[in-house]
Amino acid sequence: MDFKYQAYAGKIIRVNLTEGVVTKQPLDAKLAEDFLGGAGFITKILWDEVGPETAPLSPKNRLIFAVGPLCGTGWPVSCRFEVGAKSPLTGIYGDSSCCGHWGPELKFAGYDAIVFEGRASKPVYLWINNSSVKIMDASDLWGKTTGETEEMIRKDLGEHRIQVASCGPAGENLVRYASIISQRRAAARCGLGAVMGSKNLKAVAVKGTNDVKTENPGAFYEFMEKIIEVYKKDFYILDRIKFGTPILVELMNEIARWPVKNFQTGVFPFAKEIGGERIRSEYRIKDRGGFGCWATCEKPVRVKNQPYAGTYAKQPEYETLSALGARLWIKNLDAIIYANELCDELGLDTISTGGTISWSMECYEKGILTKQDTDGIELNWGNHEALLNLIPKIARREGFGAILAEGSYRAAQLIGRGSEKYLMTVKKMEIPAQDGRAQKSMGLAQAVASRGADHLKAFPLLDEVGREEPIKARFGEEYLPEMAQPLSPKYKAYEVKDGEELCVLCDSLSLCKSSGTCLPLYTGQIYFEDMAKILRLATGMKVTGNDLRRAGERIVNLQRAFNIREGLNKKDDTLPDRFTKTPAPEGVNKGHVVELDKMLEEYYYLRGWDQRTGLIPRKKLAELGLDYVADELEKLGKLPY
């Protein structure tokens, strides 16, 4: 039977790895209407099936791969897939996003999601070939890198056009920030590769040959052409096409928002040596993008000089250039590219890898760690050889690497000696490459993000470059000039709440935030009404902009409720003292801290959450159709009042 709405495949795969059983179930239309797809599906399934009694690395945890309705339609930058589980790094809601070809291939095969549970008795991978879904032996793949795994699966199956998502040795060894890799692209955050490893699941290979149909293809593609014209007029997107995310290196360094030496400062004097201009002129081979992605922000690169000569790799992203570069005071671009390639092949999140190592380097600087602790490795700032030694040790849990494999939060608990003071984490996850002292909205966004320290859950952009026109269009002139000023905390809660709802729609519809949907907000062109129109033309679902905003709010609140059920509350919506008590030492934000308390108060008010506890009142949950959530939280004593 055909699904009620176009663009959806209409089926979900269920895999019980313990029993070795694969089943297929029809997609529930109500699930699609209320939660859309992608991250929305993940949120609802985790709420329904993973309770507080479930340990992240236990067989009872779910591992969910999901795409949204726009994935595979050819809409610009709609080539993403989402992965979710209870995170082994944070112990709370976890998800991660990845671009490329794997997501569209899953849709072409005829599926909107895959839900794994249990643990296989030996290493396996899942092979999806349209209607055929088989659990395959992966014993010969165990211990292989992600690149080797992809190559071996294609060779074994005799199929070149297969898309593979796999965990590397880091996932097999349960490194708490292990990633999932597909063609050097990473679903990196939250340690979901470790969940794969805990289930003895090495990879998911997929091939599909079905079409993805839209409700009104003529109008859909006509509107798509109109939106592309909007994209082409945005200066940042044009730079993004030319340089990829590394173009941000110099820009963020100028506004002192780039973490250096474990966030001791936000200014790196060697930024140009590892920035976008140099990468393009000296290392870039060609431009490449995911399925249907005209932005081509992925740039394969090659290192020409010894000792890393011949390294062919994916261009490091802005976040990686920070985490494996400036955050460690490393300016050797050859070494950073090689380190990035090591992380991709071994299956490590570069942000948490660099964040954890930068914590250890500061502890070394302060005398808390010595060479006796670090297997003789000198963790001096700028020591790229130390970085390259530690990455394999972390992935294989060898020596000091076994401690760092726990993530900086747990490593600090193991080390003690005051090392906790130098943690740059929120909800146990390492903070990405944004110093909130230089952009107050980003400080708030990182504090309240559902998966822990994160910049992409709200992706606040309006104050990043200070354009006033989008603010007038979306909020009104009365919010100016403060909302457009990155160093002012005023009205930033409005921006973060609004951004969270828009971004979770991107994650649910399978849209890229960085290269498309969110960036034209600079010019005020793409917003909830536009997204509703896209969805109507693609699916036939009768939705308005307000309906989509409400769906986004529903998903955000359900993620919050999941974390509340896990024991989180207001005390966890915080930042390290370095952000709230230590003024920025240099740059345009010199003397600034993050005024988190006042922004958090306003944020809770806008969200309708309890000011004292950060819990969600029954009334708010009922407004969003989440009465069943309120009932469960009430039984647990986790409603306010």
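Predicted model: local features only at pLDDT ≥ 70, side-chain atom pairs only at ≥ 80, totals over all residues.

Trainee: What makes residues 407–415 a helix called α16?

Mentor: Helices are DSSP runs of H or I with at least four residues, strands are runs of E with at least two, and both are numbered from the N terminus. Residues 407–415 form such a run, so they carry the name α16. Just after α16, G416 has a positive phi of about 65°.

Trainee: Why are some residues of α16 called buried?

Mentor: Buried means under 20% relative accessible area (exposed is over 50%, partly exposed in between, with a 1.4 Å probe and protein chains only). G407, S408, R410, A411, A412 and I415 are buried, so each falls under 20%.

Trainee: What covers those buried residues of α16?

Mentor: The cover includes the helices α13 (350–365) and α15 (400–404), along with the strands β15 (425–426) and β16 (429–430).

Trainee: What makes a space a cavity rather than a pocket?

Mentor: On a 1 Å grid over the protein atoms alone, a cavity is a set of points where a 1.4 Å probe fits but cannot get out, while a pocket is an open set with protein on both sides within 12 Å along at least five of seven lines. The structure has four cavities of 30 Å³ or more. The second largest cavity holds about 160 Å³. It has 18 lining residues, and V448, A449, S450, E500 and V556 are the closest to its centre. Lining residues have an atom within 4 Å of a point, so these 18 meet that limit.

Trainee: Which element gives the most to that cavity's lining?

Mentor: That is α22, with five residues.

Trainee: How large is the space in the largest pocket?

Mentor: The largest pocket holds about 480 Å³. Its lining has 23 residues, with D2, F3, Y8, A9 and G10 nearest the centre. Both β2 (21–26) and α3 (102–109) supply at least two lining residues.

Trainee: And what is known of the second largest pocket?

Mentor: The second largest pocket holds about 370 Å³. Among its 18 lining residues, E420, L423, L575, P576 and D577 are the closest to its centre.

Key:
Residues numbered from 1 in each chain as written. Heavy atoms only, no water. Contact = heavy atoms within 4.5 Å. Points joined across faces, edges and corners; volume = space filled by probe spheres on them.
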